[in-house]
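Biologist: Let's go through this one together, and I'll jump between topics as they occur to me.

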Amino acid sequence: MSAQRTAIITGASGSIGTGLIQGFLNDSYNVVATSLNATQSSLTASANLVLVDGDLSKPETAAKIANAAIERFGSIDVLVNNAGIFRKKHFVDYTTEDVNALVSINLLGFLYITQFAVRQMLKQKSGNVVTISASLADHPVAGENASISMMTKGGLNSATRNLAMEYAKEGIRFNAVAPGAVATAMHADSPGDAQQRSPIGKLAEVKDIVQAVLYLAHADQVTGEVLNVDGGAHVGRW
């Protein structure tokens, strides 16, 4: 059993997920990284990195991830809920399939793994959860038609604040990072348009999200916070 801290990172195969894995490894954490096909991605398992495949919308996947962390490293000190999907449509065009997919990944995927992590953190009397939300959830932008996607992300913000209060006396902190437009494949086809969404005139980089998550992982006096990483877009019109 290692004396190092252990982080679980979901959505491990995407750009932000891989950045988070490297950030936590560089910060001397053991990492359990998970995605639908983590072991078939560009990630490589090591003494400090365990890869777990599975569908996060299934409770048995969450159990497998939590057990891997405890059996291999002995603790769950940080959970980063990074897995999520985004569907942009006019409100009247969302289908039942869209809603089911968004709820399954964004909400059930959060629920099951966070429950398992919190059970372990209660035994430890310490731990923290950082969830990747979205700036749009609380700060809509004209033309960004993503109401049902943001219904799920807004739910994560609300859960974060409520859980922070529920578990404050148990030594467990809950925070969220709410990115704006990030320089990933999602914005590769329209970088100029995306830059207009930020008052400082440029996209956030993956490293900016990683730095925000690591800050919250270490900030012992910060809980119930939704930290916007959007170049100031949440402040207002520019």
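Biologist: Is D98 buried or exposed?

Modeller: D98 is buried, with a relative accessible area of 3%, where buried means under 20% relative accessible area, exposed over 50% and partly exposed in between, using a 1.4 Å probe and protein chains only. Please keep in mind that this is a predicted model, in which local features need pLDDT of at least 70, side-chain atom pairs count only at pLDDT 80 or more, and totals for chains, interfaces and linings use all residues. Residues are numbered from 1 along each chain as its sequence is written, and side-chain values use heavy atoms, with hydrogens and water left out.

Biologist: Which residue forms a salt bridge with D98?

Modeller: The partner is K89, and the closest N and O atoms of the pair are 2.5 Å apart; a salt bridge here is a side-chain nitrogen of Lys or Arg within 4 Å of a carboxyl oxygen of Asp or Glu.

Biologist: How many salt bridges does the whole structure have?

Modeller: A search of the whole structure finds seven. One of them brings the side chains of E97 and R87 together, at 2.8 Å from N to O. That pair links distant parts of the chain, since E97 sits in helix α3 and R87 in the loop between β4 and α3, 10 residues apart. Helices (H or I, at least four residues) and strands (E, at least two) are DSSP runs, numbered from the N terminus. Both ends of this pair are partly exposed, E97 with a relative accessible area of 48% and R87 with 25%.

Biologist: And what does K207 form a salt bridge with?

Modeller: K207 pairs with D208, with the closest N and O atoms 3.4 Å apart. As for the network, salt bridges that share partners join R87, K89, E97 and D98 into one.

Biologist: Changing topic: which way do the residues of β1 point?

Modeller: T6, I8 and T10 point one way from the strand, A7 and I9 point the other way, and all are buried. In a regular strand the side chains alternate between the two faces of the sheet. Strand β1 covers residues 6–10, and five of its five residues are buried.

Biologist: Which strands does β1 pair with?

Modeller: Five bridges join β1 to β2, and the two run parallel; strands are taken to pair if DSSP finds at least two bridges between them. Between these two strands the chain passes through helix α1 (residues 15–26), and this β-α-β crossover is right-handed, meaning that, with the strands pointing away from the viewer, the path from the first strand over the helix to the second runs clockwise. Three bridges also join β1 to strand β4 (residues 78–81), again in parallel. As for individual partners, I8 is bridged to V32 in β2, and A7 stands opposite V78 in β4.

Biologist: What does T34 touch?

Modeller: T34 touches I9, T10, G11, A12, V52 and I65, not counting residues up to four places away in sequence, where contact means heavy atoms within 4.5 Å. T34 lies in strand β2, residues 30–35, and is buried, with a relative accessible area of 0%. A polar atom of the T34 side chain lies 2.9 Å from the backbone oxygen of V52.

Biologist: Back to α1: what do its buried residues pack against?

Modeller: They pack against β1, β2, β3 (49–53), β4 and α6 (206–218). The buried set of α1 is I16, G17, G19, L20, I21, G23 and F24. The length agrees with expectation too, because the 12 residues should span 16 Å at 1.5 Å a residue and the end C-alpha atoms are 17 Å apart; the expected span is 1.5 Å times one less than the number of residues.

Biologist: What follows α1?

Modeller: The helix is followed by S28, whose phi is positive, near 70°, although S28 is not a glycine. Most residues other than glycine have a negative phi. S28 lies in the loop between α1 and β2 and is partly exposed, at 42% relative accessible area. K125 also has a positive phi, about 65°, without being a glycine; K125 is found in the loop between α3 (96–124) and β5 (127–132), and is exposed at 53%.

Note on methods
A polar contact is a pair of N or O atoms within 3.5 Å; within protein, one must be able to donate a hydrogen and the other to accept it, and residues adjacent in sequence count only if both atoms are side-chain atoms.
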